[in-house]
Amino acid sequence: MVFYRSVSLLSKLRNRVVQQPSLTSSVRWLQIQTSSDLDLHSQLKELIPEQQERLKKIKSEYGKVQLGNITVNMVIGGMRGMTGLLWETSLLDPDEGIRFRGLSIPECQKLLPAAKPGGEPLPEGLLWLLLTGKVPTKEQVDALSKDLRSRATIPDHVYKAINALPVTAHPMTQFTTGVMALQVQSEFSKAYEKGIHKSKYWEPTYEDSLSLIAQVPAVAAYVYRRMYKNGERIPVDDSLDYGANFAHMLGFDGPEMQELMRLYVTIHSDHEGGNVSAHTGHLVASALSDPYLSFAAALNGLAGPLHGLANQEVLLWIKSVVDECGENITTDQLKDYVWKTLNSGKVVPGFGHGVLRKTDPRYMCQREFALKHLPNDPLFQLVSKLYDVVPPILTELGKVKNPWPNVDAHSGVLLNYYGLTEARYFTVLFGVSRAIGICSQLIWDRALGLPLERPKSVTMEWLEQHCKKSA
């Protein structure tokens, strides 16, 4: 990913440029900010004109360059492998995994500010990185964290809207209802009704997005407390950062759980634009629906069993293994259970990915966290055995392009260890995290003036006739 480079901007921000080797041994240039400017909005205002010109140049010089051939298999196979979407905040490589503005997860862990020396990155730092393409200072992250806390108040009508649902409603249903109820405060919606020039669309989108990112942890925490803790709300703690505050509002104040939540939110925040939730958010927003409406739609996609709901399925499946075979299960017993699952027509949850062709780096950083903090936990040890057992079996089947574990294969076990055992709730955690990535891109969608998304669809009859003519 090419980072924003402007001589005047570099001078103003007094950036120091650091050379970083990529995993492919090429050279990238990373800007690490040493500026005293703590205002994220003003930094974006500086960057946007440059990127608008960059997009115009790409369109004028390369607009007719072909990016690949579309096959029938792509059309009927979920558009997999089809390049058709601009998504600036992250890029997914089949072998390397996700890069946030060019930085891998290990690089983010090393470079982004943390709450303590050697700790996990603060999600606010990733938000700054996604929006600006620059690694922020700790002072900039602290200022952003303070801004988010100032926006985190939840209107009473949001709680009333959630309370109108049965307490037994799925957590994602309650969470999405809360987000929809927040929509009445949309600055973009108000500005559009009054008549705002399209060149200014990004500014109320920015306000909505920052407020939404700030508010979703409190809404999500209320859903958890309502369902599992008698509805007792825990207010925001003004001394805590974004991830630690989320853990606090859920009811978990241990320092390791706070560190886990910082890591969890960071690594789940964005995974380029083609996955269901990200694409849905972009698609709905392309109609100029405001960030609340767009993100609510994204959450409904995330709630599907083939997307975000998978993380709850993993823990439930692992617990079913323990219930049937015990915690001290042997490798042979585990192989038998895996085959039993597959032969019953089910999948082993947490393995495989639509794009990745190697072990998910998000899995690996969670594994490293577990090795550091809970190496003797029986469920973690079972997850480690699955890492050895499942891929060879899936490879033997010959039907799976990627037999390796993904992010969902590990997160539930970590949450369970620290006391968040309610698997049905796990997708809500995913949703809170995804707000950072989706909303960051929505701001750039409006800043770059990206158009309404409208791909062409065809019928089976059209495919048949077209293919016969081409034969």
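A salt bridge here is a side-chain nitrogen of Lys or Arg within 4 Å of a carboxyl oxygen of Asp or Glu. The structure is a predicted model, where local features need pLDDT of at least 70 and side-chain atom pairs count only at pLDDT 80 or more, while totals for chains, interfaces and linings use all residues. Residues are numbered from 1 along each chain as its sequence is written, and side-chain values use heavy atoms, with hydrogens and water left out.

By the salt-bridge rule, the count comes to 13. One of them joins Glu207 to Arg151, with 3.0 Å between the closest N and O atoms. This pair ties together distant parts of the chain, 56 residues apart: Glu207 sits in helix H10 (residues 202-228), and Arg151 in the loop between helix H6 (138-150) and helix H7 (156-163). Helices (H or I, at least four residues) and strands (E, at least two) are DSSP runs, numbered from the N terminus. As for burial, Arg151 is buried at 16% relative accessibility, whereas Glu207 is partly exposed at 28%; buried means under 20% relative accessible area, exposed over 50%, and partly exposed in between (1.4 Å probe, protein chains only).

Then there's Glu88, which pairs with Arg101 at 3.9 Å between the closest N and O atoms. Again the partners come from distant parts of the chain, 13 residues apart, with Glu88 in the loop between helix H3 (72-76) and strand E3 (90-93) and Arg101 in the loop between strand E4 (97-100) and strand E5 (103-104). Glu88 is buried at 14%, and Arg101 is buried at 2%.

Elsewhere, Lys200 bridges to Glu203 at 3.8 Å, and Lys200 is partly exposed at 40%. Glu96, Arg99 and Glu107 form a salt-bridge network.
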